[in-house]
Amino acid sequence: MKTEAKYISEKLDFTAEQLFDLYENACWTSYLENKDKLWESIQNSLLVVTYKENKEILGYARVLGDGIFTILIQDLIVKNTMQRRKIGLTIMHYILDKYRNVRQILLICDKEEDLIRFYRKCGLFEIQELNATCFALLK
């Protein structure tokens, strides 16, 4: 009986189409309106993390920033059929551990209770709870 290898990778050892399929699966279709720009943004990220089973991407996130004072965790996506199996939590813990000495770790998400609960479980706080404020432009 062959065992399936599950692992975290920081390598860009996947094709653009493999990742676009994950975005499609998660219904993040607005990102797919300009695939060239999406792929360029992925390649320009500070860190790209994938969670794989054998060579199939089951989860993914990327990190933007300087890696010293500030990072922004961007695009945490888990394949629909693999959600609620701690893949997202594993990816988040990997990133948070890697950047444990960074002063500001930011993440922007939709204001949905499931997402808020999940990110709290990861150890994050809403910005107001930290006696801070945040300004943004969303387009």
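Student: What makes up the lining of the largest pocket, by class?

Tutor: In this predicted model, that lining has 19 nonpolar, five polar and ten charged residues. Tyr and Trp count as nonpolar here, and Gly counts as polar.

Student: What is the volume of the largest pocket, and which residues are closest to its centre?

Tutor: The volume is about 1300 Å³. Of 34 lining residues, Trp-28, Leu-76, Leu-115, Phe-118 and Tyr-119 are the closest to the centre.

Student: Which elements give two or more residues to that lining?

Tutor: They are β4 (70-78), α3 (87-98) and α4 (113-121). The largest share, seven residues, comes from β4.

Student: How is the second largest pocket lined?

Tutor: It has 26 lining residues, with Leu-107, Ile-108, Phe-125, Glu-126 and Ile-127 nearest its centre. By class, 17 are nonpolar, four polar and five charged. β5 (104-107) and α4 each supply at least two. β5 gives the largest share, four residues. The volume of this pocket is about 910 Å³.

Student: Now Ile-42. Why is Ile-42 called buried?

Tutor: Its relative accessibility is 1%. Buried means under 20%. Therefore Ile-42 counts as buried.

Student: Where does Ile-42 lie, and which residues does it touch beyond four places in sequence?

Tutor: Ile-42 lies in helix α2, residues 35-43. Ile-42 touches Leu-12, Leu-19, Tyr-23, Val-48, Tyr-60 and Arg-62. A contact needs heavy atoms within 4.5 Å.

Student: What separates the C-alpha atoms of Ile-42 and Ala-61?

Tutor: They are separated by 9.6 Å, with the two residues 19 apart along the chain.

Definitions and conventions. Residues are numbered from 1 along each chain as its sequence is written. This is a predicted model: local features need pLDDT of at least 70, side-chain atom pairs count only at pLDDT 80 or more; totals for chains, interfaces and linings use all residues. Side-chain values use heavy atoms; hydrogens and water are left out. Buried means under 20% relative accessible area, exposed over 50%, partly exposed in between (1.4 Å probe, protein chains only). On a 1 Å grid over the protein atoms alone, a cavity is a set of points where a 1.4 Å probe fits but cannot get out, and a pocket is an open set with protein on both sides within 12 Å along at least five of seven lines; lining residues have an atom within 4 Å of a point. Grid points are joined across faces, edges and corners, and a volume is the space filled by probe spheres set on the points.
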